[in-house]
Amino acid sequence: MGNNNSTISIVLDRPQPTIYYSGDIVSGQVKFTISERTDKIDDIYLIIAGDVGYTTIRTTRMQNGQTKRITNHHDVRFFGEKVVIGQIISTQQEYASGRINDRTTFEPGQYTHPFSIRLPDNLPPTIHPLDYPFVRYELQLLIEKKWYCSNIHSRYPLRIYPRVNLLQMSNTQCAVKFDTKRKDLTIKGIVQRSGLIPGEQTILSFEIYNPNHLTIKHIDICLIQRYEIEQCRRRLELIRFSIPQLLNIHDEHIKTSCAIKIPMYIPPSYNFKKTNSRSSVYVNVHYDIKLEVKIKGLFSDFELQVPIIIGTDSAEHSSNDDMTKTLTIPMDLNMIDMIESDVHDDDIALLSDESVYSKDAASN
């Protein structure tokens, strides 16, 4: 603002941090305090911005003949909604006035401006917002000075997910059967449902045929998130545990089961693509349950991957109100960011080199 004795901030209606879904309304109030009478105020705007960031690597030859790998960082804005601050309300005098930008004088006091911005129905989910590659959303408070370049006064990160209703997708309520045979060991299994929502638990049932009585040291269950942002591919291990009943066992016929609970607040399976004359944006998120089978002996271990779909809506969580109530625990959301920040380049997984079946939950 034009006066250094003025302060301005944003207060969102929902407690932070929280999750917004495509089509939701982001609402709150812009609050500012003027400590002395001022005759000038800068133009104030709100912007909800969505950005994709990714890296590419190129090789260049230096003068001494050696080659050098250079990492280029790319930032693409795929969504932006700008709102002019409109009617203001004096919290002391309880009257409404015209647009901030039309006011010529402001008396000392506190002022508020309510706002609401509806999100589009088709947006990619927030992914790894702290570092490249990322999908990141922000609510920005923009103050435009008359004779200077525009500058951002403050930024408020938002976590936005697309709405993926499993009930509107075929076969997500059906069981998934899988089987494999390696080293005279046959494993058959069933995942209770192929479509799950965060916080939900499913049962994995196994039947193992081991005619040569090979020693199964252990079988680990992993929930793997794989995401692709333009050319960057990453793999994040969300859950890992060993099946308790399958430790150093060599029985000929084994039947067992175990439960796996989907972590809260993870983004849904989604495929997003947007192309215009200046740029293109591609984002894909998918999940699989991986079985790592460890057998006694050299070169005997093997893996099996079973695709699942993570949604945001189900018969039990079909209303916006219910989803809001279950998705507002600050500690867990912060923990997700901490987990995501631990993903490094050595976790890159080239999907084409892996036996991964990807089933898109939604597409643009």
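A: Helices (H or I, at least four residues) and strands (E, at least two) are DSSP runs, numbered from the N terminus. The model is a predicted one, in which local features need pLDDT of at least 70 and side-chain atom pairs count only at pLDDT 80 or more, while totals for chains, interfaces and linings use all residues. Residues are numbered from 1 along each chain as its sequence is written, and side-chain values use heavy atoms, with hydrogens and water left out.

Q: Where is the place of Pro 133?
A: Pro 133 belongs to the loop between β8 (109-118) and β9 (134-144). The peptide bond that joins Tyr 132 to Pro 133 is cis, with omega about -10 degrees.

Q: What is found for phi in most residues other than glycine, and for most peptide bonds?
A: Most residues other than glycine have a negative phi, and most peptide bonds are trans. His 128, which is not a glycine, has a positive phi of about 45 degrees, and this residue is found in the loop between β8 and β9. Tyr 265 also has a positive phi, near 70 degrees; its place is in the loop between β17 and β18 (270-275).

Q: Is His 128 buried or exposed?
A: Buried means under 20% relative accessible area and exposed means over 50%, with partly exposed in between (1.4 Å probe, protein chains only). His 128 is buried because its relative accessible area is 1%. Tyr 265 has a relative accessibility of 1%, so it counts as buried. Ser 170 counts as exposed because its value is 53%, and Ser 170 lies in the loop between β10 (151-161) and β11. Pro 307, at 24%, is therefore partly exposed; its place is in strand β20 (residues 302-310).

Q: What separates the C-alpha atoms of Pro 307 and Tyr 287?
A: These two residues are 20 residues apart along the chain, and their C-alpha atoms are separated by 6.1 Å. For Ser 170 and Gly 195, 25 residues apart along the chain, the separation of the C-alpha atoms is 9.6 Å.

Q: Which order do the strands of the open sheet have?
A: Two strands pair if DSSP finds at least two bridges between them. The open sheet has four strands in the order β11-β12-β14-β17, with antiparallel pairing. β11 (176-182) and β17 (253-261) stand at the edges with a single partner strand each, so one side of each has no neighbour in the sheet. From one strand to the next the twist averages 15 degrees; here axes are lines fitted to C-alpha atoms, for helices over the stretch in contact, and angles run from 0 to 180 degrees between N-to-C directions.

Q: How many bridges pair strand β14 with β17?
A: Strand β14 (residues 201-209) pairs with β17 over nine bridges, in the antiparallel sense. In β17, Ala 259 is the bridge partner of Ile 203, and Cys 258 is that of Leu 204. Strand β12 (residues 185-191) is joined to β14 by six antiparallel bridges, and Lys 188 stands opposite Glu 207 in β14. The covered face of β14 holds Thr 202, Leu 204, Phe 206 and Ile 208, whereas the uncovered face holds Gln 201, Ile 203, Ser 205, Glu 207 and Tyr 209.

Q: What do β15 and β16 form?
A: They form a hairpin with two residues between them, and Glu 230 in the turn has a positive phi of about 55 degrees. Strand β15 (residues 216-229) and strand β16 (residues 232-242) run antiparallel and are joined by ten bridges. The bridge partner of Ile 221 in β16 is Phe 241.

Q: How many disulfides does the structure hold?
A: A disulfide is a pair of cysteine sulfur atoms within 2.5 Å. The structure holds zero disulfides. Cys 222 counts as buried because its relative accessibility is 0%, and Cys 232 is buried at 5%.
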